[in-house]
Amino acid sequence: MIASPGPDDDALLARYAAGDAVAARQLLERLAPRILRLARRLLQDPVEAEDVTQEAMLRLWQIAPRWQAGGAQPATWLHRVAVNLATDRLRRRRGVGLDEIAEPDDPDPGVVEGMMQTDRLRALDEALAMLPDRQRVAVVLRHLEGMTNPEIAATMGIGVEAVESLTARGKRRLAQLLQGRRDDLGYDR
Amino acid sequence: MSQQQWTDVPDEAGLDALFAEARAADPAPPSDAFFARLQTDAQAAQLPGAAGPVTPGLWSRLGAILAGIGGAPGLAGVGAAGLAGVWIGFAAPGPTADLVNSFWQGAASVSPRASVWVDGTETALDTGSADLLSVIDGEMQ
């Protein structure tokens, strides 16, 4: 997921820091669509997703002169910044701290009963939006962005076991939430 | 995707198919306007002095000096010592004899006479320090 063809991101970032405008464009073409897609999936708001992407890219440009090649990959670093920025926005939306968000264990199909959308992906997005932030991030990175658990661990700044726990709980919760949308999903009754 | 493929939903295995469908969906690429904004940001950050190797500024250098003396705790110690010096200068404390006496707890006022220092039953000396030296010389001889 992280690897890209051509010059590696480290080299491009070094060239950017040295004043190479072409390197900036290559990095943008390589990284910005991924970050924008991730931000859209996490925030489900196109305007906020663009804001997060712009801020994350700006931070990459700012750190470029001090970037140490051979450490974290720029793409991983950028994903982490984007996840943090998106999580901050999700917290502000909810007005409560991340740790204060309850992670319900019991199925609550009633939460989704009122939804009338028929598109499966829309149903998935809406169910994802109901997950606690960390579960949502882990599930999106694992199952929609296709990152490996170690990559997710690096992106979220947590251990691999925590990633496994978050994705398992998130997936279980998603299944519970989507149970109320069998018709939307084309699920045979 | 056929209806049959969704018969497992909402089992977690069915979710995998839903995830695969979401991954396969072609997300809208960044709009031209947005991409142009990103490029503008990149160029602005790349301007000389904005993104190139930067000479450490005054604050950076002060920060380095501060780090060299142990960071904020070190600075606090230096500051406290400086303030103590200023206070001593203004307060002009009096002679320090009393302080010395209290430190030695009276030892400084002990009589130098030999009678105080040796057992009177052995030497019966009640002489000054010069006499004591002569006594010691005699013993050595």
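Is A:Trp67 buried or exposed? A:Trp67 is buried, with a relative accessible area of 17%, and the cut-off for buried is under 20%. Keep in mind throughout that this is a predicted model. For the complex, the predictor gives an ipTM of 0.75 and a pTM of 0.60.

**Chain A in outline**

Chain A is built from nine helices and zero strands, so to speak a plain α-α-α-α-α-α-α-α-α when you read along the sequence. Of its 189 residues, 48% are buried. Take the contacts in chain A between residues at least 6 apart in sequence: 67% of them join residues at least 24 apart. As for the surface, chain A exposes about 8,500 Å², with carbon and sulfur atoms supplying 47% of that.

**Two aromatic pairs**

A search of the whole structure turns up two aromatic pairs over all chains. One of them brings together A:Tyr16 and A:Trp61, with ring centres 4.5 Å apart and planes at 35°, so this pair is tilted. It links distant parts of the chain, as A:Tyr16 sits in helix 1 (residues 9–17) of chain A and A:Trp61 in helix 3 of chain A, 45 residues apart. A:Tyr16 counts as buried because its relative accessibility is 0%, and A:Trp61 is buried too, with a relative accessible area of 0%.

The other pair is A:Trp67 with A:Trp77, and that one is edge-to-face: 5.8 Å centre to centre, with 85° between the planes. A:Trp67 lies in the loop between helix 3 and helix 4 (74–94) of chain A, while A:Trp77 is in helix 4 of chain A, so the pair ties together parts that are ten residues apart in sequence. A:Trp77 is partly exposed, with a relative accessible area of 22%.

Here are the accessibility values for residues picked out in this report:

| Residue | Relative accessible area | Class |
|---|---|---|
| A:Tyr16 | 0% | buried |
| A:Gln44 | 28% | partly exposed |
| A:Trp61 | 0% | buried |
| A:Trp67 | 17% | buried |
| A:Trp77 | 22% | partly exposed |
| A:Thr155 | 0% | buried |

**The core and the helices around it**

In soluble globular proteins, nonpolar side chains tend to be buried together. Here the largest nonpolar core has 62 residues, and the members that touch the most others are A:Tyr16, A:Trp61, A:Leu124, A:Leu128, A:Leu141 and A:Leu174. Helix 2 of chain A gives the largest share of this core, twelve residues.

In helix 6 (residues 120–129) of chain A, the buried residues include A:Leu124 and A:Leu128, along with A:Arg120 and A:Glu126. What covers the buried residues of helix 6 includes helix 7 (133–144) and helix 9 (160–178) of chain A, together with helix 1 (12–24) of chain B.

Helix 9 of chain A has A:Leu174 among its buried residues, and also A:Gly170, A:Lys171, A:Arg173 and A:Gln176. How far apart are the end C-alpha atoms of helix 9 of chain A? They are 27 Å apart, which agrees with the 27 Å that its 19 residues should span at 1.5 Å a residue.

**Two more spots to look at**

A:Thr155 belongs to helix 8 (residues 149–156) of chain A, and it is buried, with a relative accessible area of 0%. Leaving out residues up to four places away in sequence, A:Thr155 touches A:Thr76, A:His79, A:Arg80, A:Val83, A:Leu141 and A:Met147. A:Leu141 in that list is also one of the core residues named above.

A:Gln44 is not a glycine, yet it has a positive phi of about 50°.

Chain B averages a pLDDT of 68, and 43% of the residues score at least 70. Confidence in chain B is highest in helix 2 (residues 32–46), at a mean of 93, and lowest in helix 7 (residues 120–123), at 46. Over residues 1–9 of chain B the pLDDT is below 50, and this stretch has 22 contacts in the model beyond near neighbours in sequence. Residues 51–55 of chain B also stay under 50, with eleven contacts beyond four places in sequence. Where pLDDT is low, the predicted coordinates should not be read in detail.

Conventions: Residues numbered from 1 in each chain as written. Chains lettered and ligands numbered in written order. Predicted model: local features only at pLDDT ≥ 70, side-chain atom pairs only at ≥ 80, totals over all residues. Heavy atoms only, no water. Buried < 20%, exposed > 50% of the residue type's maximum accessible area, 1.4 Å probe, protein only. Helix = DSSP H or I, 4+ residues; strand = E, 2+ residues; numbered from the N terminus. Contact = heavy atoms within 4.5 Å. Areas by Shrake-Rupley, 256 points an atom, 1.4 Å probe, with all protein chains shown as cover. Expected span 1.5 Å × (residues − 1). Phe/Tyr/Trp six-rings, centres within 6.5 Å; stacked < 30°, edge-to-face > 60°. Core = buried A, V, L, I, M, F, W, Y, C linked by side-chain atoms within 4.5 Å. pLDDT = per-residue confidence, 0-100.
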